[in-house]
Amino acid sequence: MKKPKHPKIYSKNQIKKIRAAGDIVARVLAGLSIQCKEGITTKQLDELAAKYIAKWGGISASYQYNGFPGHCSISIDEVLLHGIPSDQVIKNGMLVGIDCPVIYQGMYADGAINVEVGEVSEDKKRLNEVSKKCLYKTLEILKPGVTIREICERQQQYANENGFKVIKDFQGHGVGRNLHEPPAIPYYVKEDNPYNDYKLKVGNVLAIEPGLVTNDVLITTQDGWSVVNEDLSVGTSWEHTVVITEKGYNVLTSVDFKI
């Protein structure tokens, strides 16, 4: 079997560029969260994303990535991932997932949020809350020496303890010079993952993004991108790009972080 590529360890200067990309991600997502309200279409939100990204000196990492037509993916309710911006109108009660990776000076950062529009159902509210907490509970354990297996276990355990399953068809990943690079970080312990025993090192940069659902049987729709559950139930995920430090980790997609 071919030996897997070793996860990259980034220098301080490289991390500054990734952090700059992360700042743009955070600003764009913050702006879109304000504009994501009743009456706007997902295409209009995407057009705003394009303007925001350009305003702050970045490049969309989604646009034309393997042919994807949007500057960010906007996934509503039963669409779990990779929703294509369209003329769909945002309405009260929707749970809107926005995923917006950005390139800055050749470096990538990735992040995702979920916006509750108006009065959402208690089921959606709880799913969104647990999904966000799953991300932050996972981040809490990050530090040098922690294995990828331990990250995967943490995500799955927190989801299961709170009555949810994790998506098994997609995964977290390294990020930096590329949008997706080693190590692979499934949301559950995948025994054949070659990175299970990899121990985190200072300078590793990761996109942590546990996806929570009630049904983990997924289907890609006819548009070739949008992913739904077989029973069209709601699912969601939150995402941050983080760097491993000597003391633990720092979030690179938060404007509060300083190198």
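Helices (H or I, at least four residues) and strands (E, at least two) are DSSP runs, numbered from the N terminus. Everything shown here comes from a predicted model, in which local features need pLDDT of at least 70, side-chain atom pairs count only at pLDDT 80 or more, and totals for chains, interfaces and linings use all residues. Residues are numbered from 1 along each chain as its sequence is written, and side-chain values use heavy atoms, with hydrogens and water left out.

**View 1. Ser73 sits in strand β2.**
With a relative accessible area of 8%, Ser73 is buried (under 20% relative accessible area with a 1.4 Å probe, protein chains only; exposed is over 50%, partly exposed in between). Beyond its neighbours within four places in sequence, Ser73 is in contact (heavy atoms within 4.5 Å) with Phe68, His82, Gly83, Gly97, Ile98 and Asp99.

**View 2. The largest pocket has a volume of about 590 Å³.**
A pocket here is an open set of points on a 1 Å grid over the protein atoms alone, where a 1.4 Å probe fits, with protein on both sides within 12 Å along at least five of seven lines; lining residues have an atom within 4 Å of a point. Points are joined across faces, edges and corners, and the volume is the space filled by probe spheres set on them. Look for Ser73, Leu81, His82, Asp99 and Glu209, which lie nearest the centre among the 36 lining residues. Elements giving two or more residues to this lining include β2 (73-76), β3 (79-81) and β4 (95-99), and β4 supplies the largest share, five residues.

**View 3. Helix α4 covers residues 148-161.**
Buried in α4 are Ile148, Ile151, Cys152, Gln155, Tyr158 and Ala159. These lie on the same side of α4, because they cover an arc of only 140° around the axis (taken from the directions from the helix axis to the C-beta atoms). Among the elements covering them are α3 (122-139) and β10 (181-186). Just after α4, Gly163 takes a positive phi of about 85°.

**View 4. Tyr195 lies in the loop between β10 and β11.**
Tyr195 counts as buried, at 9% relative accessibility. Leaving out neighbours within four places in sequence, its contacts are Pro4, Lys5, Pro7, Ile148, Pro182, Pro183 and Ala184.

Terms used: Expected span 1.5 Å × (residues − 1).
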